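Reader: I have a complex open on my screen and would like to learn how to read it. Could you walk me through it?

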Amino acid sequence: MKIKTIMLGTAAIAMSATATLAEDMTIVSWGGAYSASQLQAYDVPYSANTGVNIIHDESSSEAVAKLRAMNEAGNVTWDVVDVVAADAMRLCDEGLAEVIDHDTQLADAPDGTKATVDFGDLIVSECFIPQIVYSTTFGYRNDLVGATAPTSVCSVFDTAAYPGKRALQKSPLNNMEWALMCDGVAKSDVFDVLATDEGQSRAFAKLDTIKGDVIWWNAGADTPQLLADGEVIMGSAYNGRLFSLIVEQKQDVSMLWDAQVYDLDGWIIPTGLSDERKARALDYVKFATDTQRLADQSKYISYGPARASSAPLVDKHATLGIDMAPHMPTDPNNNKNTLLTNYSFWADYKDDIDAKFQAWLIK
Amino acid sequence: MSLPIYASPVQKIWYYTFRVICALVFFFLVFPIMVIIPLSFNAQDFFTFTPEMLALKAEGFSLKHYQDFFTNDAWQHALRNSLKIAPMATVLSVSFGTLAAVGLSQSHVPFRRAIMAIMISPMIVPLIISASGMYFFYSRIGLQGTYLGVVLAHAVLGVPFVIITVTATLVGFDKSLTRAAANMGAGPIRTFFKIQMPLILPGVISGGLFAFITSFDEVVVVLFVGSAGQKTLPWQMFIGLREQISPTILAVATILIAMSILLLTTLELLRRRSERIRGLSPG
Amino acid sequence: MSDKNLVLASDGTSLKRSLARSLKRQKIRALLLIAPLLLFVLLTFIAPIADMLFRSVENSIVADTLPQTVKELASWDSDSGQLPSEAVYAALARDLKIAVKAKNHTKLGSRLNYQKTGTSSLFRQTGRKIKKLDFENTPSFKDAFEKMNKKWSDPAVWQTIQQFSNKYTDGYFLAAADLTRTSSGIEEVPEDQRIYYTLLLRTLSMSVTITFMCILLGYPVAFLLATLPLRSSNVLMILVLLPFWTSLLVRTSAWKVLLQNQGVINDFLVWIGIVADGNRLELINNVTGTVIAMTHILLPFMILPLFSVMKTIPPTYMRAAKSMGANDFTAFRRVYFPQSIPGIGAGSILVFILSIGYYITPEIVGGTKGVFISNRIAYHISSSLNWGLGAALGAILLVVVLALYWLYDKFVGIDNVKLG
């Protein structure tokens, strides 16, 4: 009898969990300062307008794995997912993300410009709804790098001039490109070289020279934390995270914009949602990617809005009142030397190079 | 083990060295936990002792991380989830576990060893294997990302503790008591609640506490089996360690330490009570 | 015949029968009490693990995605050095057309990419092009595929497809042992991709170190606790149990705070002048960090079994040895220590079992060198998406753990686990 009551109790809770699903919407993103900016710019006004209760999940880094498992099981619990462009392409390829008709399902610009024109070539996949342009770049501790501040990405590989730990992402992306560039490969040839076994060995050989001085990071907030604690003297990070470290938390850190790598981030809607949930997800995305909302997000974090029409609306920081434009990766002072993530290259080579990278790491 | 009066100098030196070694090990055990407590009152947003703190100045300390914990939605949501999931899991593992332990303690149980091995296995199998197994399997049957899924997963992880503690109290159990009760006409259910239950209650409660803390402290399985809706306190702490620069986790940690001291005291009192009831110790 | 000799129970049946019946009833009652939990554990725990382990050999994706190709390819002789027949290419075209529509071809590509690098991009590119292929007016599918991608005229690609067209594979287990199957048999993978052997060795050696550290630190403390009077040992016991009861994440974050370069320990060492400021010790993000933090976390699991064994060693034995002329050390070594070995054994196996499967602590303090095979399993499950390989690694780890579990049960008995 006791067991029966318990079972009934559990069943009741399980049912109430599914019942509340109707007003809940799970939005998956990256956490930290980035999620905070989305909360302020999109979620708070959206919840206020619609009464939808938004649940936040910080699982974007495992989005592909989790969506695959959910899809396999036919039980998709996520409604809208924030992913980098490369993941969006992969999810789209595998049929795990809904194909979007950008012109009809997203908002026009205030002057009536269609979404496809407004986003331009940032729509890199038919499932991808662009949101921001960000860059992976370096920050360094002013007080720990000595008298001459670094000006080139190759300072990262120069342990003689800049002794101390540096933080790099635990992934071959960007690191391999930087290694080759600092090993004398011209920027335009980087991916041709990286496509060969010799080129990959060459990049690893260059990374070998600093391997003992690297702390590898996984999460976007790692480098800012490591810089704040003085655990590293410089490190790669997403530019918006560095912005919040420098400007909001007033740490003695500067940006090294040299050889920053541009990338895109945006939304996808998983396949396999009920019509009702899909409609709501689309409604959210339409709201969250309109011209004003994208411009609003840049009040909280220094990522460039993906719409051309949002650029003129980029204004001042919401609480600090400083101009945001000079902190954007696209600012003329910052983008003197940039790289663009090569999606097709990494789509083809990621698995192979990553396997080698992981083996290299544990050696 | 006290030092006799006639101890030689070598013996004396050894005696004190040994005590010092033990003191150092105790220090090693407790210091890392204690160091968290002052840090949680840090006025700064970092994990390190600031100069103001070391100088014991008032402005170096603050309660703001506690305030953050009690006002921040994410933390409160996580706390509520933990308080929802852990008791449910505990009730499940205690009720199944106690029944099974009583069953296992009977004299003629076929395959006793094998059954015992299966029931203890959730404690032995590496969590990452249990977690990924449950992740795929629960996804398939629609339990992934539901409260029920997390509760079931946590309940099964708590089972070995209940089995172990209840079996331990049953080992010293005097079987003539149940026979006497049966002799006087009590049915098996009545015998269980009137005779066995009060005696094994301390074991049941401490098993329950173990099961509760297992769920309350568990992060690997919930990361896989749960979704954001079931985010528990340890999950939020794990994100905190990986994601945000937030000493709020230190404040949470301090609260959890206080909680474990409370639990520990309860357990110790229970143990003494159990020993007194059974006349095993002078009390 | 022998009715006279039969002892009868009160209801007139033979006592033997009556006892047998009552025994059966007892057994049934015991099993009924056990059944709910047994079912519960089997369904919520054993079944998921079995299900996951099945993934380490399961390989239906090739046969499911390319059914016709697999059938046609069966008669192809992979050692001939020749390319498969036109019929195979035609079948592949038909299969791929369907697969592209269902968006299955990239999944297949990434699956085969685990075996042969470059297959992933081959399928993705071919998938894009096959949509435009006019089936009616293709004179030779062989040529058409060759035009789409040169790799289709490489017999090695076809060998891979043929090799993995079975529903089951040993490929993941081979990969988990740093092996691969080539046309000339099973070989080691190239040196720059060998990782699991190192990782398994590292997992074992770190677990051994941690176990050894636990014995080293735990033995004196257990000895002290076992020999002190009950009242003081109970108080000291709380110091052992407190970490045991404190959240794992709390303890791990504590170690992060302590071990960092700018952390408490380094600050202290610099302050008292043992270590120069510019030359702080590297205690975190490496093996040292993992060993220190995990020794702390697992130490109570060593002390508790040691303590319960030492409690049973009568102090009179030591006194007897000493009265017969043994000095302290000899008495300890020859009399006390041998009797405490079962405790060391029980504690060691327990600590070793727990440490070998650890995941969270190494993930946070271990960096790249101080991680266990569990971290690799997690990586394959949630990042690289090579679930089969993750399952194979899990199976290997599980076998090691279960072997130890069996040892533990044999020598200690699982019912003898003590929890505080």
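Author: We will go from confidence to chains, then to contacts and cores. This is a predicted model, in which local features need pLDDT of at least 70 and side-chain atom pairs count only at pLDDT 80 or more, while totals for chains, interfaces and linings use all residues. Residues are numbered from 1 along each chain as its sequence is written, and chains are lettered from A and ligands numbered from 1 in the order in which they are written.

Reader: What ipTM and pTM does the predictor give the complex, and which element of chain C has the lowest mean pLDDT?

Author: The complex gets an ipTM of 0.86 and a pTM of 0.88 from the predictor. For single residues we use pLDDT, the predictor's confidence in each residue, from 0 to 100. Chain C averages 88, and 97% of the residues score at least 70. Elements are DSSP runs numbered from the N terminus: helices (H or I, at least four residues) and strands (E, at least two). In chain C the lowest mean pLDDT, 82, belongs to strand S1 (residues 179-182), and the highest, 94, to helix H10 (residues 196-227).

Reader: How is chain A divided into domains?

Author: Domain bounds come from an automatic or database domain assignment. In chain A, domain 1 covers 21-133 + 265-327 and domain 2 covers 135-260. Their centres, taken over C-alpha atoms, are 28 Å apart. Two residues are in contact if their C-beta atoms, placed from the backbone, lie within 7 Å; here 10 residues from domain 1 of chain A meet nine residues from domain 2 of chain A. For residue classes, Ala, Val, Leu, Ile, Met, Phe, Trp, Tyr, Cys and Pro count as nonpolar, Asp, Glu, Lys and Arg as charged, and the others, Gly among them, as polar. The domain 1 side of this contact has seven nonpolar, three polar and no charged residues.

Reader: How many helices and strands do chains B and C have, and why is chain C called more spread out than a compact globule?

Author: Chain B has 12 helices and zero strands, whereas chain C has 19 helices and two strands. Chain C has 32 Å, well over the 22 Å that the rule gives for 420 residues, so it is more spread out than a compact globule. Its C-alpha trace spans about 100 × 95 × 35 Å along the principal axes.

Reader: How many residues of chain B are in contact with chain C?

Author: There are 75 residues of chain B in contact with 71 residues of chain C. H1(B) gives the most to the chain B side, with 14 residues. By class, that side has 62 nonpolar, 12 polar and one charged residues.

Reader: Which residues have the most contacts inside the largest nonpolar core?

Author: A nonpolar core is a set of buried Ala, Val, Leu, Ile, Met, Phe, Trp, Tyr and Cys residues joined through C-beta atoms within 7 Å. Buried means that 20 or more other C-beta atoms lie within 10 Å of a residue's own. The largest core has 279 residues, and those with the most contacts inside it include A:Leu91, B:Val220 and C:Leu298. H4(B) supplies the largest share, 16 residues. A second, separate core of 23 residues includes C:Val62 and C:Leu66.

Methods:
Buried ≥ 20, exposed ≤ 12 C-beta atoms within 10 Å, placed from the backbone. Rg over C-alpha atoms; globule rule 2.2 N^0.38 Å.
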